[in-house]
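Student: I would like to learn how to read a few features of a structure. Please give the general idea first and then the case at hand.

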Amino acid sequence: MGKLKRILIVLSFGLVVFSCKEVAKSDVTKSGHKKPNVILIMTDDQGYGDLASLGSPYVKTPNLDKFYNESVRFTDFHVDPSCSPTRSALLTGNYSARAGVWHTIGGRSLLKEGMTTMADVFTDNGYKTGVFGKWHLGENYPFRPNDRGFQEALVHGGGGIGQSPDFWGNDYYDDTYKHNGKFEKYEGYCNTVWFNEAIDYIEKNKDEPFFCYIPTNLPHAPLNVDEKYVAPFRGKVSERLAKYYGMVEKIDEDVATLFQKITELGLDENTIVIFMTDNGPCPWFGGVEMDFETGFVEEGYTAGMRGAKIWGYENAHRVPFFIRWPKGGIQGGKDIDALSAHIDVLPTLIELCGLKAADSLKFDGRSLTPLLNGEIKTWNDDRAVIVHNQRVEYPVKDKEYQVITKDWRLVNREEKELYNIKKDGGQKNNVVEENPEVVEELYKRYEDWWQDVSVGFDQYATMYVGSEHENPVTLYSHDVHTRNGEKIWTVNVARDGRYEVSVNRWPNESGKRIGENSKGALEGRIESASLKVGNIEQTVQVDSKMTSAKFVVDLKAGVTCFQSSFKFKGNDKVSGAGFVYVDYVGAGDAQKISEYVPSVPDDLLRKGYEQKVVLFD
């Protein structure tokens with residue numbers, strides 16, 4: 001019995017040890033099961049044809065070409081025809097119109113307050129989230145990237161470096177950018193800064209799942225890039241395109257640095273990497289020269305497509321979309337030609353990464369996962385995707401739009417045009433008269449879509465002043481509504497109290513005086529500055545030394561409008577302020593607050609306003 005007992009004890013001990021090892025192994029597997037990282041790279045104004053792997057005879061993009069050969073490519077992928085709308089749709093999985101974004105300026109590029117973003121979803125699922133580059137969805141609370149789910153944000157202001165919300169004097173080199181809401185100085189070329197800072201962020205968070213969004217400002221104008229990137233194209237193409245192609249090659253160089261670091265860190269197998277662009281090339285100051293009468297390309301490579309950014313047709317909205325995830329079996333250089341769009345990216349990533357999202361979260365897009373895993377080869381329905389170009393204060397039904405299906409493009413410009421895209425990729429043969437039934441069906445889809453997404457077109461995005469999240473606040477002319485020369489911001493006053501307001505023609509950091517012109521000459525033509533907030537109206541005389549006109553107002557919490565302008569000497573001409581600085585300073589005068597009556601934005605902005613609708617603007 002003693003021997004048997006010893007055997008049983010040994011066996012029992014062995015089972016315990018084996019069991020412990022299995023538990024330990026299970027724990028390691030469980031704790032070591034890391035959700036995939038996600039890196040989303042989106043370039044700005046880069047056309048479908050501006051990659052060597054997609055046929056460009058001009059640019060050399062060896063690193064993106066290698067990525068192309070390793071990726072799954074969606075060959076019929078679409079976005080909005082301009083910057084902010086695409087960004088809003090990409091980050092929400094909803095059409096840009098539903099997200100409250102249909103322009104790039106004028107208060108209509110601000111992502112609707114309260115809409116869930118891609119960064120919100122990743123953050124809620126324990127991811128580290130960072131954005132590096134171009135945001136273009138708002139400068140103030142609650143529209144900044146840090147307000148929309150990004151824990152780390154390094155971005156330039158507005159829609160391009162050098163625009164009004166950007167730091168004065170930025171020119172792509174050694175610039176000052178907003179880091180988590182505060183301006184900080186960085187050394188180096190802008191695109192390299194985005195990628196280097198993204199790499200640092202990835203390295204710091206390599207042991208946790210991360211979502212890294214790199215929306216570059218290249219190759220958007222201004223076309224500033226080192227001469228060494230431009231020189232190879234001189235004499236082969238126009239100067240403008242030479243600079244544009246140089247910027248594309250600079251993007252490729254910085255992408256290589258990122259990919260190398262991912263490999264060094266051992267992250268490449270379990271990182272989903274996406275490359276895409278935000279719209280087609282710009283025909284005014286970007287990567288294509290176009291005949292504006294016809295939309296056919298005169299210089300530049302577009303893979304045979306007609307049109308360009310904003311201006312319409314296929315080359316406005318069809319862009320490259322490459323995705324790779326080796327551990328998930330998404331690799332190998334394969335094309336998928338099913339109709340797809342920017343609104344599909346968020347639902348796809350939720351499914352691929354196994355993320356949890358609120359049941360109330362709805363998308364206009366659909367997950368591409370069944371196509372990626374081979375469950376289906378094409379959609380089981382005749383899917384339609386709709387894009388439009390508004391660029392007006394209040395969207396107008398039947399203004400430029402395109403109804404996109406696997407076979408057809410219904411294009412509405414001065415009149416309806418129809419193209420069989422499978423037979424006529426260059427959109428040269430308008431077959432609208434031969435196919436009235438197709439036109440009727442596709443237009444019905446547009447009408448249904450318009451009815452669905454247009455419910456918020458009479459709403460205004462409001463920037464908060466006096467909030468604990470941001471104080472003081474700078475209101476930029478980039479996000480303003482303009483009426484008869486006067487600048488009008490729709491604002492939500494966060495709390496009752498006293499506000500000090502400085503009205504500037506130029507930003508504080510410029511040191512420029514109100515009376516100076518853009519070149520620094522003192523003109524002395526401005527005699528006064530005015531501020532209106534609800535029923536409060538104040539005027540300050542301007543002298544040659546003033547950089548700001550100062551006001552003090554006592555306000556009640558709630559939505560209102562800030563109106564400001566400068567009056568010229570000797571006439572009734574007014575000019576809107578470029579920058580308004582608003583600082584909550586305390587409780588204020590109770591009597592004055594009780595006497596204050598706020599503006600109603602819709603009443604103020606619609607009174608006497610006649611909207612000019614310019615096609616192809």
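Tutor: Start with exposure: a residue is buried under 20% relative accessible area, exposed over 50%, and partly exposed in between (1.4 Å probe, protein chains only). The areas come from the Shrake-Rupley method with a 1.4 Å probe, and for residues only the protein chains shown count as cover. D448, with a relative accessible area of 41%, is therefore partly exposed. Note that this is a predicted model, in which local features need pLDDT of at least 70, side-chain atom pairs count only at pLDDT 80 or more, and totals for chains, interfaces and linings use all residues. Residues are numbered from 1 along each chain as its sequence is written, and side-chain values use heavy atoms, with hydrogens and water left out.

Student: What share of the 617 residues of the chain counts as buried?

Tutor: The buried share is 58%. L372 and I330 are 42 residues apart in sequence, and their C-alpha atoms are 6.7 Å apart in space.

Student: How many helices and strands are there in the chain?

Tutor: Helices (H or I, at least four residues) and strands (E, at least two) are DSSP runs, numbered from the N terminus. The chain has 13 helices and 29 strands.

Student: What radius of gyration does the chain have, and what would a compact globule have?

Tutor: The radius of gyration is taken over C-alpha atoms, and the globule rule is 2.2 Å times the number of residues to the power 0.38. For 617 residues the rule puts a compact globule near 25 Å; the chain has 27 Å, which agrees. Along the principal axes, the C-alpha atoms fill a box of roughly 110 × 75 × 50 Å.

Student: What counts as a salt bridge, and how many does the structure hold?

Tutor: Side chains of opposite charge can pair when their charged atoms come close. The criterion is a side-chain nitrogen of Lys or Arg within 4 Å of a carboxyl oxygen of Asp or Glu. The structure holds 35 salt bridges.

Student: Where in the helices do D448 and K444 lie?

Tutor: Both belong to helix α11 (residues 436-453); being 4 residues apart there, they are separated by about one helical turn. K444 is partly exposed at 44% relative accessibility. Helix α13 (residues 601-606) holds D602 and R606, 4 residues apart and so separated by about one helical turn. The side chains of D602 and R606 meet in a salt bridge of 2.8 Å, N to O. D602 has a relative accessible area of 29% and is partly exposed; R606 is partly exposed with 38%. Salt bridges that share partners also join D44, R87, K134 and D278 into one network.

Student: Which parts of the chain does the pair E393 and R108 link?

Tutor: The side chains of E393 and R108 meet in a salt bridge (3.1 Å, N to O). The pair links distant parts of the chain, 285 residues apart: E393 is in the loop between β15 (385-388) and β16 (401-404), and R108 in the loop between α3 (83-92) and α4 (118-124). Are the two partners buried or exposed? E393 is buried, with a relative accessible area of 9%, and R108 is buried with 2%.

Student: Which residues gather in a patch of negative charge on the surface?

Tutor: Patches are made of residues with over 30% relative accessible area and no salt bridge; like charges are joined within 9 Å, and nonpolar side chains (Val, Leu, Ile, Met, Phe, Trp, Tyr) within 5 Å. Lys and Arg count as positive and Asp and Glu as negative, while His and the chain ends are not counted. The place of a charge is taken as NZ of Lys, CZ of Arg, CG of Asp or CD of Glu. The negative patch is made of E414, E415, E433 and E434. E414 is found in the loop between β17 (408-412) and β18 (416-420) and is exposed, at 61% relative accessible area. W284, F285 and F292 make a nonpolar surface patch of about 280 Å².
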